[in-house]
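Student: I'd like to learn how to read helix packing and nonpolar cores in a model like this one. Could you walk me through it?

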Amino acid sequence: MRIELPKNVERFGAICFGGLQKVFELDSGIENGSITKNKHIIERIPYHDLCNIYKEMAIIIPVRNERLRLLDGVLCGIPHHCLPIIVSNSPLEPNNRFAMEEDALGDFCTFTNRNALIAHQKDPRLAKAFAEIGYTEILDGNGNVRDGKAEGMLIGTILARLAGKKYIGFVDADNYFPGSVEEYIREYASGFTIGSSPYTMVRIAWHSKPKIIKSKLFFKKWGRTSSYTNKMLNKLIGHYTGFETEIVKTGNAGEHAMTMDLAMVLDYSSGYSIEPYHIVNLLEKFGGILESPLSEVMKRKVEVFQIGSRNPHLHEVGNEDHIDRMLYLATQVVYHSPICPEALKDELKREMVSRKLVKSNEDMAKPSYFPVLSSIDYDSFMKSIRSTPYAKMIHKLLSGKI
Ligand code: GDD
């Protein structure tokens, strides 16, 4: 991969927020001894370096009732040395979609000679393990793991941590182009290679989303949700720096990756609000606005890379209600942040009222939040899930039996 380093880096407390980076070559070849240790404006990351990261990276795929063909394509795009982890919330009846996903993953692993993990979000053994370790925020009133993409992502993160992975990357299961999945993961690994902090996040700005308009393909750059979310997050940042900014380009980045160290110290919010909340929570914890609960991280730095992918992103398109819901969820996490200034709160509320997503006399509902994953007792969690196929697979992976 040949990629430019961020030309523009904005600093907030311990956070170094990098501007959008351009990719020049998806494959820049193998190492030939010409690499220098000095950083250039454009960095060449040989395949070997990417591969070293892949070996320590889990790719988490949250799935809910997606077409199997798409899931199969996504798996095919995951580089060989990464560990795929599927967390599914697909129906178990009347048709057992989860069993079909298990079969598809089983075939993939057989044909490619790979290992992978798959878990169902509603597996009662997972719910019991969460209850036993006291991580009950993830459970609903009936004691089951809640629905939601973020909830699936958290389970995937915990399994990756148990499997000893140093990096986690997320890809959606409804992607039509396996080549774009492979590109995102290359970009994750490139970000980790360029980054110098153990607390690093890589967020992908999709090249475009192709749409058919008047019988012609149109490559739309910004969707309705992403334009709105980016603007809102930039306003929040601008309020504190006193300078209007456009630094945030990836407020809703479903495709993103983190070092495990960073994943362990962030708080999370539910469902589709998780990605904008990453930025809000980073600012809350490490932006130097509030006192940081983690002086250790403040002494280092948190690096955020935003990389512009080259493949168009073609996925299952949600309807208007779905998009409105995502917009509302993103607004909630900014609105309810202790660092959201009153003026921005008023503006957000007015915006939600004008979009008819909230009534003027109603309060903005609070999202559910999940505490840091470093608070979990991983040994106890592993003991609780030891009878599951995914715990057995983790055990085999760690003991080097496979
Ligand atoms: N495990 C699990 N549990 N997965 C889920 C759930 C759930 O309850 N709900 C959705 N998913 C999976 C979907 O199957 C898909 O693989 C992925 O999460 C994203 O869900 P979509 O419903 O397809 O989201 P989207 O395409 O509208 O939005 C995506 O892009 C946005 C950026 O434009 C998501 O990644 C958003 O989070 C992102 O902000």
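Tutor: Gladly! Let's start with a term: contact means heavy atoms within 4.5 Å. Keep in mind that this is a predicted model. Leaving aside neighbours within four places in sequence, I385 is in contact with R125, L126, A129, L159, L162, Y390 and A391.

Student: Which residues touch the most other members of the largest nonpolar core?

Tutor: A nonpolar core joins buried residues through side-chain atoms within 4.5 Å. Here the largest one has 81 residues, and L159 and I385 touch the most other members. Helix 5 (residues 149-162) gives the most to this core, with 8 residues. There is also a second, separate core of 39 residues, with I3, V23, C109 and A257 among them.

Student: How do I read the angle between helix 11 and helix 12?

Tutor: Angles over 145 degrees count as roughly antiparallel. Helix 11 (residues 320-335) packs on helix 12 (residues 342-354) at about 160°, with the axes 10 Å apart, so helix 11 is roughly antiparallel to helix 12. Their crossing is left-handed.

Student: Which residues of helix 11 and helix 12 meet?

Tutor: From helix 11 come L327, Y328, T331, V334 and Y335, which meet L344, K345, L348, K349 and M352 of helix 12. By class, that contact has 7 nonpolar, 1 polar and 2 charged residues.

Student: And at what angle do helix 1 and helix 6 cross?

Tutor: Angles of 65 to 115 degrees count as roughly perpendicular. The axes of helix 1 (residues 47-54) and helix 6 (residues 178-194) cross at roughly 95° and come within 9 Å, so helix 1 is roughly perpendicular to helix 6. This contact divides into 6 nonpolar, 2 polar and 2 charged residues.

Technical notes
Residues are numbered from 1 along each chain as its sequence is written. This is a predicted model: local features need pLDDT of at least 70, side-chain atom pairs count only at pLDDT 80 or more; totals for chains, interfaces and linings use all residues. Side-chain values use heavy atoms; hydrogens and water are left out. Axes are lines fitted to C-alpha atoms, for helices over the stretch in contact, and angles run from 0 to 180 degrees between N-to-C directions. Helices (H or I, at least four residues) and strands (E, at least two) are DSSP runs, numbered from the N terminus. Angles under 35 degrees count as roughly parallel, over 145 as roughly antiparallel, 65 to 115 as roughly perpendicular and the rest as oblique. A crossing is left-handed if the near helix is turned anticlockwise from the far one by less than a right angle, and right-handed if clockwise. Ala, Val, Leu, Ile, Met, Phe, Trp, Tyr, Cys and Pro count as nonpolar, Asp, Glu, Lys and Arg as charged, and the others, Gly among them, as polar. Buried means under 20% relative accessible area, exposed over 50%, partly exposed in between (1.4 Å probe, protein chains only).
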